[in-house]
Each structure stands twice: as structure tokens, then as C-alpha cells.
Amino acid sequence: MGEIHVHEFISLDGVIDAPTWTFDYGFHPRMGEAIGDVTQRSGGILLGRTTYQMFEPAWSVRTVEDDPGAPFFNDTTKYVVSGTLAEGTWRNSQILGSYDADRIRGLKKDVERDLYVSGSGTLVRALLADGLVDELHLFVYPLTRGEGPRLFPPEAAPAKLTLARTEAYDNGVVYLAYRPQAS
């Protein structure tokens, strides 16, 4: 049985939109190591439609020479939650259909290794609401965005989390890994 591990780039005020605002801070090599630790344990990628369609043109043409993460994104099975996509065009893609918490629970039981989620805000908020996220990997950037989609919207139920790991980088970014607190 696999766990669901969510990776997000997030502003101090909780915005997780397309992270072009991260470019000013650079990408510290240890950030790549932290993400690599998560992807290394993962045997599948769980994505929402929008992120899938953003990732495909960016990752499908990359090689390991371009980016060490390219083999993971291209060779790993991608499970896509979408009520509108009929078929995947990126190799190793399976369309799961519209969001269904029971289908995701079944997927967690069926996979031998963890499922990695990146971006996919709508999907992640649903997974959090249904208690399906086993660990959040947040890279918190030292800026506020004001407007934008939040990881935890105002209507989200209160939750308690336990800090699993933390690391600060020279570029001002802080990595925080949280697990749901056992009830």
C-alpha cells in the first residue's frame, strides 16, 4: 500500500498558483535533493488535469541531461484525475475520471510504492478534505501573493499536523514536511 505525498511551492500567505514567482529565488540544490527523496520513494504520479496539461509539454521533451528529474516524470505511471480528458497523450498516463475519494483509496491500496502529487491545487484540496494525504512537502517562499488559490481555503476543515522535517536554504526558502496528526 502506498502513501500520497504532496509537494507544493507556496507563498507565506498560502498561495499555490503556477509558481513563476519562485524564479527570483533560484533553486537551491538541496531543494532538489528534498524533492528527489520524495520522488525516489514514489512509484506513481497523481495529477489533476490542469497540472498534467502544464507538465506534459515541459517534461515530456526533457532528458536526464536536461534535468535529473526527467526520467521520473516521463517513465513513471501518471494517474490523472479529470472529468474531461478521455485519454492521456503523455506516455505512461492513465485517466482515472472525475475525482472519487474511493477510487483514490483503491489506488493507494493497489500501488506498491508512494504516489507523488505536485501542483494540482483542486485535487490536493479534495485529497486533504478526504484525509487521503499522508505527507505535505511545502517549500515556503518569503513573499506574500495577496490574491490566488490557497492550499487551505477558508472553508477547509480545521486540521492538526505534525512536523516531520524542516530545512532552511540560503535563498530564504524553508522546506517543511508535515504528516496528519493521528487522532
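I count helices (H or I, at least four residues) and strands (E, at least two) as DSSP runs, numbered from the N terminus, and I call two strands paired if DSSP finds at least two bridges between them. This is a predicted model, so I keep local features to pLDDT of at least 70 and side-chain atom pairs to pLDDT 80 or more, while totals for chains, interfaces and linings use all residues. Residues are numbered from 1 along each chain as its sequence is written, and side-chain values use heavy atoms, with hydrogens and water left out.

**Entry 1, the sheet**

I traced the strand order first. Eight strands make an open sheet of mixed pairing, running β4-β3-β2-β5-β1-β6-β8-β7. Its edges are β4 (93–97) and β7 (161–168), each of which pairs on one side only. From one strand to the next the twist averages 25°; angles here run from 0 to 180 degrees between N-to-C directions, with axes as lines fitted to C-alpha atoms, for helices over the stretch in contact.

Next I looked at β1 (residues 4–11) and β6 (residues 135–141), which pair in the parallel sense over seven bridges. His7 stands opposite His137 in β6.

Six of the seven residues of β2 are buried, so the strand is largely enclosed by the rest of the structure. My cut-offs are under 20% relative accessible area for buried, over 50% for exposed and partly exposed in between (1.4 Å probe, protein chains only).

Helix α2 (residues 49–59) lies across β2 (42–48), β3 (77–81), β4 and β5 (114–118), at about 110° to β2. Helix α4 (residues 101–110) packs on the sheet too, touching β1, β2, β3, β4 and β5, and its direction makes about 145° with that of β4. Contact means heavy atoms within 4.5 Å.

Ala101, Ile104, Leu107 and Lys108 are its buried residues. They sit on the same side of α4 because they cover an arc of only 115° around the axis, taken from the directions from the helix axis to the C-beta atoms. Their cover includes β1, β2, β3, β4, β5 and α5 (121–129). On the other side of α4, Asp102, Lys109 and Asp110 are exposed.

How many salt bridges does the structure hold? I get eleven, taking a salt bridge as a side-chain nitrogen of Lys or Arg within 4 Å of a carboxyl oxygen of Asp or Glu.

I checked Glu167 and Arg30, whose side chains meet at 2.5 Å, N to O. Glu167 is in β7 and Arg30 in helix α1 (residues 29–40), so this pair ties together parts 137 residues apart in sequence. Glu167 is partly exposed at 26% relative accessible area, and Arg30 is partly exposed at 30%.

Arg91 and Asp75 form another salt bridge, 2.8 Å from N to O. Arg91 lies in the loop between β3 and β4 and Asp75 in helix α3 (residues 70–75), so the pair joins parts 16 residues apart in sequence.

Is Glu135 buried or exposed? Glu135 is buried, with a relative accessible area of 3%, whereas Arg165 counts as partly exposed at 35%. I also noted that Glu3, Glu135, Arg165 and Arg179 are linked in a network of salt bridges.
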